[in-house]
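Here is a friendly note to read beside the model. Please keep the 3D view open and find each part as we come to it.

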Amino acid sequence: MAVTSPIARPELEPRYASRAGMSKPALRIGVLYPSGAGNLGDEAILQATFEALRARWPDAVLQAFTLHPEKTAANHGVQAEALTGINRGLFCAPRPDGPLPVRAASAVARRTRGIPFVGRAAGWASGLTSATVFEAISLRRAWQWLQTADLLLAAGGGQLDAVWGGAWGQPYALARWAWLAKRAHVPFAFLSVGYGGAPTRLSRRFLRYAVSHAAYCSVRDSGSRALALKLGVSADLPVVPDLAFALRSELPLRPRRPGYDVGISPMVYMRPGSWPHENEVDYQRYVTLWADLAADRVARGDRVHLFVTDPADMDAVHEVWARLDESTRAGCSVAQVTTPDTLLEFFRRLDIVISSRLHGVLLAIVAARPVVALSHERKVRTVMNDAGVTSFCADLTTATVGQVTERLDDLVTQLDPCARRLREYGTKARAAVRQQEQVLPQLLRHR
């Protein structure tokens, strides 16, 4: 079956160009990413980015700026610092106690917590003090690094987004880096980023500033392009697929018969305390859906493997497991996948993947594994559409067990043709990502 959606080639016309004939022994390149906590989609993007940079410039000094710099440094063998000094709800990372003003303000807030009005004012003052001090430190360190830098990249992911952390989360972080890079005369570029949501005027202004002052910006799908253009950006925004398509997977293993190996990936969508938008009733309905799907497949003689692509989703796995009876549990297992490579290796053993998170779906496509996407966001529907398998996508928020089972039954009759289609699309997507890498030398500004 042919791939239904063309993949645009990037326009290689950045606003900055390298000077002919000049070279530098050890380039210094920074990568911005709003995560680092273990989400396998984020890790896949970072892995693909660093692999591409090292392949082109083996001696380059790579610096990451993420929300969890210690984890990023350990996982990818790079230097790493905090993306920003501002912590927001669901857009935050562990950090030290801080200088004396931060500790003093925090102590006052703790001691006055139970006093009406005073406790609230002290808590607000403590938060403001912490944000101001840590951001001042972060800005100073960022400026110092930019004095010796050659290139700054916001590489992949849903970076054009204010849902996690609001305007002072990722939108502010991107705007401040764009502002600093401009003044340091360091080219700043976005590579295959997605647009999530920017509900406030301030978040849209931050994002517009960052994109407008980038030397180059590509987006990962046409929907992100349309939404980004609504910000008022005048620059062209080529569509280049998600950077995780650059990863490679070995051929699937020989299938076991009778029965099918089915991977199901629950997630904490709408779970109170785990998602920006909360709804306990809806979340419990999703847990029931995943549990019923597992029970149905086991009753048919299949083997079910529960897995996650984000550590937070283990809460959903535990809740699904608690709803299974003993006979169903006997036909189920919980897979431990902690890196993109182990996830791709796990997919090789599956006949079918059922996932809701974008990179659970996307990396199944990379592995050419037939996938049913229970979509909770536009980006999931888009990648299924781009891969030409829209008929195997269902809306998580409205899907019933019967509707999903119907798609699964249809998919079972088309496993090999579907796998070929996904392999064809993955090959084209990988080629487009590799083509985009030709932009990087043109962006360099030798100091």
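1. **Before you start.** This is a predicted model, in which local features need pLDDT of at least 70 and side-chain atom pairs count only at pLDDT 80 or more, while totals for chains, interfaces and linings use all residues. Residues are numbered from 1 along each chain as its sequence is written, and side-chain values use heavy atoms, with hydrogens and water left out.

2. Six strands lie in the order S3-S2-S1-S4-S5-S6, with parallel pairing. Here, strands are DSSP runs (E, at least two residues) and helices are runs of H or I with at least four residues, numbered from the N terminus. Two strands count as paired if DSSP finds at least two bridges between them. Strand S3 (79-82) and S6 are the edge strands, each pairing on one side only. From one strand to the next, the twist averages 20°. As background, strands of a sheet pair through backbone hydrogen bonds, either parallel or antiparallel.

3. **Helices on that sheet.** Helix H2 (residues 69-76) packs on the sheet, where it touches strand S2 (61-66) and S3, and its direction makes about 165° with that of S3. H4 also packs there, touching strand S1 (28-32), S2, S3 and strand S4 (151-155), with its direction at about 145° to that of S1. Touching, or contact, means heavy atoms within 4.5 Å. For the angles, axes are lines fitted to C-alpha atoms, for helices over the stretch in contact, and values run from 0 to 180 degrees between N-to-C directions.

4. **A look at S5 and S6.** Strand S5 (residues 188-193) runs parallel to S6, and 3 bridges join them. Ala189 has Tyr216 as its bridge partner in S6, and Phe190 stands opposite Cys217. Which way do the residues of strand S6 (residues 216-219) point? Tyr216 and Ser218 point one way, Cys217 and Val219 the other way, and all are buried. Buried means under 20% relative accessible area, exposed over 50%, and partly exposed in between (1.4 Å probe, protein chains only). In a regular strand, side chains alternate between the two faces of the sheet.

5. Strand S8 (residues 303-306) pairs with S9 over 3 bridges in the parallel sense, and Val304 stands opposite Cys332 in S9.

6. **Helix H1.** The 17 residues of helix H1 (residues 40-56) should span 24 Å at 1.5 Å a residue, and the end C-alpha atoms are 24 Å apart, which agrees. The expected span is 1.5 Å times one less than the number of residues. Is H1 largely enclosed or exposed? Because 13 of its 17 residues are buried, H1 is largely enclosed by the rest of the structure. One of the residues in H1 is Thr49, which counts as buried at 6% relative accessibility. Leaving out residues up to four places away in sequence, Thr49 touches Val31, Ala155 and Leu243.

7. **The nonpolar cores.** A nonpolar core is a set of buried Ala, Val, Leu, Ile, Met, Phe, Trp, Tyr and Cys residues joined through side-chain atoms within 4.5 Å. The largest one has 100 residues, and Phe347, Leu363 and Leu374 have the most contacts inside it. Helix H8 (residues 280-299) gives the largest share of this core, 9 residues. A second, separate core has 37 residues, including Leu32, Leu146, Leu207 and Ala228.

8. Val240 lies in the loop between helix H7 (222-229) and strand S7 (261-265), and Val240 is buried, with a relative accessible area of 0%. Ala136 belongs to helix H4 (residues 118-146) and counts as partly exposed at 44% relative accessibility. Ala136 and Ile86 are 50 residues apart along the chain, with their C-alpha atoms separated by 9.6 Å.
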